[in-house]
Amino acid sequence: MPDEPAWFKPHISVTYCNADPPAREVIDRLTRLRVTPPISVPVASVDLLELRREGHAYRWTIRHHIDFDSE
């Protein structure tokens, strides 16, 4: 998207870490995951979230919801 703001980096989060592990440990674990065969997972719907931090907790607002047809 050429008009995308420089600060906007679309991504999908699959985990969360609130610690400061050694980089080598993280690299080793991710390297092992690269050889894991892909799987298929049925997805009935998706939500676009606005994520924010309030104090020590993350909160979100669903901005858009899409249900997929089950046909």
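**Entry 1: the model.** I'm working with a predicted model, so I keep that in mind throughout.

**Entry 2: the strands.** I looked up how S1 and S2 sit together. They run antiparallel, and 10 bridges join them. Then I went to the turn. The hairpin of S1 and S2 has two residues between the strands, and Gly-55 there takes a positive phi near 65°.

**Entry 3: the patch.** Which residues form the nonpolar patch on the surface? I found Tyr-16, Leu-49, Leu-51, Tyr-58, Trp-60 and Ile-62, with about 680 Å² of accessible area together. S1 (45-54) and S2 (57-67) each supply at least two of the patch residues. S2 gives the largest share, three residues.

**Entry 4: Leu-51.** Is Leu-51 buried or exposed? This residue of strand S1 has a relative accessible area of 56%, and exposed means over 50%, so Leu-51 counts as exposed.

**Entry 5: Asp-67.** Next I checked Asp-67, which is in strand S2. Its relative accessible area is 57%, so Asp-67 is exposed by that same cut-off of over 50%. Its side chain makes a polar contact with the side chain of His-65, at 2.8 Å. What does Asp-67 contact once neighbours within four places in sequence are left aside? I got Ala-44 and Ser-45. I also noted Asp-47: it is 20 residues from Asp-67 along the chain, and their C-alpha atoms are separated by 9.0 Å.

Notes
Residues numbered from 1 in each chain as written. Predicted model: local features only at pLDDT ≥ 70, side-chain atom pairs only at ≥ 80, totals over all residues. Heavy atoms only, no water. Patch = residues over 30% accessible without salt bridge, like charges linked within 9 Å, V, L, I, M, F, W, Y side chains within 5 Å. Areas by Shrake-Rupley, 256 points an atom, 1.4 Å probe, with all protein chains shown as cover. Salt bridge = Lys/Arg side-chain N within 4 Å of Asp/Glu carboxyl O. Helix = DSSP H or I, 4+ residues; strand = E, 2+ residues; numbered from the N terminus. Buried < 20%, exposed > 50% of the residue type's maximum accessible area, 1.4 Å probe, protein only. Pairing = 2+ DSSP bridges. Contact = heavy atoms within 4.5 Å. Polar contact = N/O pair within 3.5 Å; in protein donor to acceptor, adjacent residues only side chain to side chain.
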